[in-house]
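Student: I would like to learn how to read a few features of a structure with you. Could we take them one at a time, with the general idea before the case?

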Amino acid sequence: MIRKRVLSGMRPTGRLHMGHLFGALDNWKRLSEQYDCFFFIADWHALTTDYADPSQVKTYTIEVTLDWLAAGLDPKKSTFFVQSRLPEHAELHLLFSMFTPLAWLERVPTYKEQREQITDKDLGTYGFLGYPLLQAADILIYKAHYVPVGVDQVPHVELTREVARRFNSLYKPVLVEPEALLTEFAKIPGTDGRKMSKSYDNSIFLSDTPEEITAKIKPMITDPARKRRSDPGNPEVCPVYDLHRVFTPESEREGVIAPGCTTAKIGCLDCKQVLLNHALPVLGPISERRANLARDPEAVREILREGTGRAKLVASETLAEVKAAMQI
Ligand code: SF4
């Protein structure tokens, strides 16, 4: 049976953390049981913002792949590849740029938002404006049926669909219009209560050992109004409780932790210990697996080489069809 194809990628800009595990990787694992999944390291996309200092891109290509493997993604079930090893993506991007109206790119909401929010880098570049079109090429070159995305990425899939439609109507119906597979992401706060992000220095990484995780969770921010042990707390505003939602069984969370907090029967340190009791059996084996895999980076490179070879077969075939349709 031919399985439908899914495509997704990650930029190699840092080690992955718990937010990635519960936001993307667990979902990827589920999808890989059902679909023909292509997962790629989007190193050209990393350059769209980090062009001035590309020194870490190669290192993080391996680090991110290690995180994927440690989280349980299986390169035998899915295809892992590196974007920049496939110049076919760049060629398709160039061909798309010939007929894509500038206004389609200028109206992508993340383009405007990031130009406003990221002030420490000059993003007035051609590459940054064009990155959703490169993304369209990444997707369409594999004739992917589905693209797993969060709600903020839906406009990118919509742009991809518009590009496919325009190509198919201008030339020949070669490209497949992909659908967004909307993914509900668990709320994963960082240790300071803000969204977990490497730029906030508040992350629990997949590479962290149980000791490092414990050292990060123990001083974690709680309900700010709970100043003394005898003050009742409010789990709804507590980031530690958000992590309980991920790790602690519902019966214990709602039957013991929440009432214990609101009546001040349990203290925050006890509460964090319960969290650790549930989180470490999940996170500990991931960091252990990762440490073992990291001893053999050549094996990781081989996985990427092998996957890139498989991806190339599909990408070169689509590109040949596109060029034939465009008569070049
Ligand atoms: S007892 Fe737990 S849920 Fe309540 S404020 Fe403290 S850490 Fe948060």
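Student: What do strand 4, helix 8 and strand 5 make together?

Tutor: A crossover is called right-handed if, with the strands pointing away from the viewer, the path from the first strand over the helix to the second runs clockwise. Here strand 4, helix 8 (residues 154-170) and strand 5 form a right-handed β-α-β unit, where helices (H or I, at least four residues) and strands (E, at least two) are DSSP runs numbered from the N terminus. This is a predicted model, in which local features need pLDDT of at least 70 and side-chain atom pairs count only at pLDDT 80 or more, while totals for chains, interfaces and linings use all residues. Residues are numbered from 1 along each chain as its sequence is written, and side-chain values use heavy atoms, with hydrogens and water left out.

Student: In which sense do strand 4 and strand 5 pair?

Tutor: Two strands pair if DSSP finds at least two bridges between them; strand 4 and strand 5 (residues 179-182) pair in the parallel sense over 4 bridges, and the partner of V147 in strand 5 is A180.

Student: Which residues of strand 4 are buried on its two faces?

Tutor: In a regular strand the side chains alternate between the two faces of the sheet. In strand 4 (residues 146-149), Y146 and P148 lie on one side and V147 and V149 on the other, and all are buried (under 20% relative accessible area, with exposed over 50% and partly exposed in between, for a 1.4 Å probe and protein chains only).

Student: Which residues are around the ligand?

Tutor: A residue is near a molecule if one of its heavy atoms lies within 4 Å of it. Around the ligand are T222, D223, R226, C238, V240, Y241, C261, C268 and C271. Helix 10 (239-247) and helix 12 (268-294) each supply at least two residues of this shell.
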